[in-house]
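Hi,

Here's the structure I promised to pass on. Have a look at it first, and then read on for what turned up.

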Amino acid sequence: MRKTEIPSIENLGHGHLACAGCGAAVSMRLTLKALGEKTVMVIPASCWSIIPGSWPYSSLRIPVVHAGFVTGGATASGIRAALNIRGDYETLVAVWAGDGGTFDIGLQALSGAAERNEDFIYICNDNEGYMNTGTQRSSATPMFAWTTTTPVMQPKENPKKDIMAIMADHQIPYAATATIAYPEDFLRKMKKAMKIRGTRFIHLLSPCPPGWKIPSELTIKISRLAVRSRVFPLYEIENGISYTLQEESHVVPVKEYLKLQGRFSHLTDSEIEVIQENVGRARERLMKKAGD
Amino acid sequence: MKKVITGNQAVAYGVILSRVDVISAYPITPQTTIVEELSELIASGRLKTIFLKVESEHSAMAALIGASTGGVRCFTATSSHGLAYMHEMLHWASGARLPIVLVNVNRAIGPPWNIWSDQSDSLSQRDTGWIQLYCENNQEVLDTILQAYRIAESVKLPVMVVLDAYVLSHTSEAVEIPTMEEVDPFLPPYCPEYPIDTQEPMAFSVITTPEYFLEFRYKIQKAMEQVPEVAKKVDDEFRSRFSRGYGAIERYGKKEAEILLMTSGTVTGTSRIVIQKLIEKGVSVAGIKIKRFRPFPSEEIYEEIKGAKKLAVIDRNLSAGVGGIFAQELRASLYSRGERPQVFGFISGLGGRDITPELIEEAVRYTWEHPQPEEEILWLGLKK
């Protein structure tokens, strides 16, 4: 049996407030293992504004700057500038934002920071909706999914925004996708990102049991099926042009991924077919960009 | 050294002399020459300052919130729609107790589009927990920035320094520019109490339950209550070092007057001349310049208005449905007092229309001739 390469350090303390089976809790735990103590984390409004606990407590063992919803990219730019003025080029600045704070309301500040190639790692904890406010649709919500603002009689009509393409077109030095069913892969990408200066972007898929209507014990399984169904392919982009795709050997139809989730339980076979076709087209587009 | 410079150049000198570490700003008329001047100075290598050229005013303030939490001295400048766009982050800066200094060049807010001076932008932000200081001339602009950092860093609240568009921002005046050697002992480097430190990790702006939130706001109010004393000490020290001082308010004109004319910003400069002329003509009038709007100088004003029968206030702003904001604040601050002179609330000069000596004289004469105002809002120079 292969020995795990996951560091034993724990910078997520006991007593956090995440839901049972929360993908974002596993994501944060792994993120902190990768980043280590010499890190400042900016958290714009998201589930993780609440999860660490309320004043005067925090379950995160690194400095955390909670920030306005819109401001991940901007607040991190300011902290980096202050550390540089203080002569501290070593301390890493990381942003932990949700998909709302990245794809939607925070996109402008993130784009501005990425265009300036600000020196930080931006982690988008993507749970495909406004889960902290009770599961409303975001532009990261997949097509046809149920949310409280896209009820089953009128589910989301549009496909998920391609945030990786947007970030790649800013020509930032590094962008990668990752998810918690593949922790070694995620940590490898984090380590790689930490060796680079400039804006680095990690798109991290974190299943959300209450928002996706999944049993809490299926979080990791669904994270794995997201990759195997090619709904969420794992890949890296360097300098906006150099793509590295990770081929999945156990490819499954999207139905395998969708059928476990209550948010898709209303789907008809023809709608599932449309999703399957969209996944195929997205893959073609990605392969084309990768030059394969 | 004396130099003939614009108000916006005076801002840039104030920033340099304050040894600001991080600037973050987004261009907007009529603030732009401030950021241009600062960009030139940084590019020339004269400043070690980092200038974050962000994509919006919202991000400008957010970046400074990050930098100030990081423990360094911060500056931004904006106007009008830019300040309005920052609104959420203005609350954040004061709530997080960050001593950021912001210069706002007073400009009307559209629509209709208008790039000229009035105070509706800064006064719309009166409840954001920022100290607000209004300036009459370019010298005062430079001096107020130096004082602002001392006050902000002492009470841990942000300060907004306000100057009129064009009348100051783009108009040249002779300004005495102190040397760095003169300013350094007055304004020592910023020593934050709780900067970000990975050796001693802390969480900033953590969610706070109803059990504690009220106390956080109470502390901000207490900090605001310290401002009059702190600002006076800073102003006194400034006066002893540079032979110039301003106070929270300034009374000028007749020693004992029946009418007091209250103004802020550049209207005061014009009022000084008008009042002198009217005194010579036998009108019993004096002027009060209001420099500090937040915290509102109720005590200082009350001390100065004793004996006056009527107060005329010229507001270059409008809170639609109520009237002028300075007049409103004044009425509120007088309500609990024993002596309550009649308040005449004039509105004039919105969207940059000149508040001429003639209009100011009209306001004083109206107040002189009427036992009480015929209307709640008295419009000066309104085309009917």
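Predicted model: local features only at pLDDT ≥ 70, side-chain atom pairs only at ≥ 80, totals over all residues.

What sits beside β4(B)? Strand β2 of chain B (residues 22–25) runs parallel to β4(B) and is joined to it by two bridges; Ile23(B) has Phe75(B) as its bridge partner there. Strand β5 of chain B (residues 101–106) is also parallel to β4(B), with four bridges between them, and Asn104(B) in β5(B) stands opposite Thr78(B). To get from β4(B) to β5(B), the chain goes through helix α4 (residues 80–95) of chain B, making a right-handed β-α-β crossover.

Now for the contact between the two chains. How many residues does each one bring? Chain B puts in 39 and chain A 37. About 2,800 Å² is buried between them, 69% of it from carbon and sulfur atoms. On the chain B side, Ile196(B), Thr198(B) and Ile207(B) lose the most area to chain A, together 21% of what that side buries.

As for polar links, there are eight residue pairs in polar contact between the chains, counting pairs with both residues at pLDDT 80 or more. There is one salt bridge, where the side chains of Arg116(A) and Glu55(B) meet at 3.8 Å, N to O. Among the elements of chain B, α3(B) gives the most to the side touching chain A, with seven residues.

Enjoy exploring!

Notes. Residues numbered from 1 in each chain as written. Chains lettered and ligands numbered in written order. Heavy atoms only, no water. Pairing = 2+ DSSP bridges. Right-handed = clockwise from strand over helix to strand, strands pointing away. Contact = heavy atoms within 4.5 Å. Buried area = accessible area lost by both parts, 1.4 Å probe. Salt bridge = Lys/Arg side-chain N within 4 Å of Asp/Glu carboxyl O. Polar contact = N/O pair within 3.5 Å; in protein donor to acceptor, adjacent residues only side chain to side chain.
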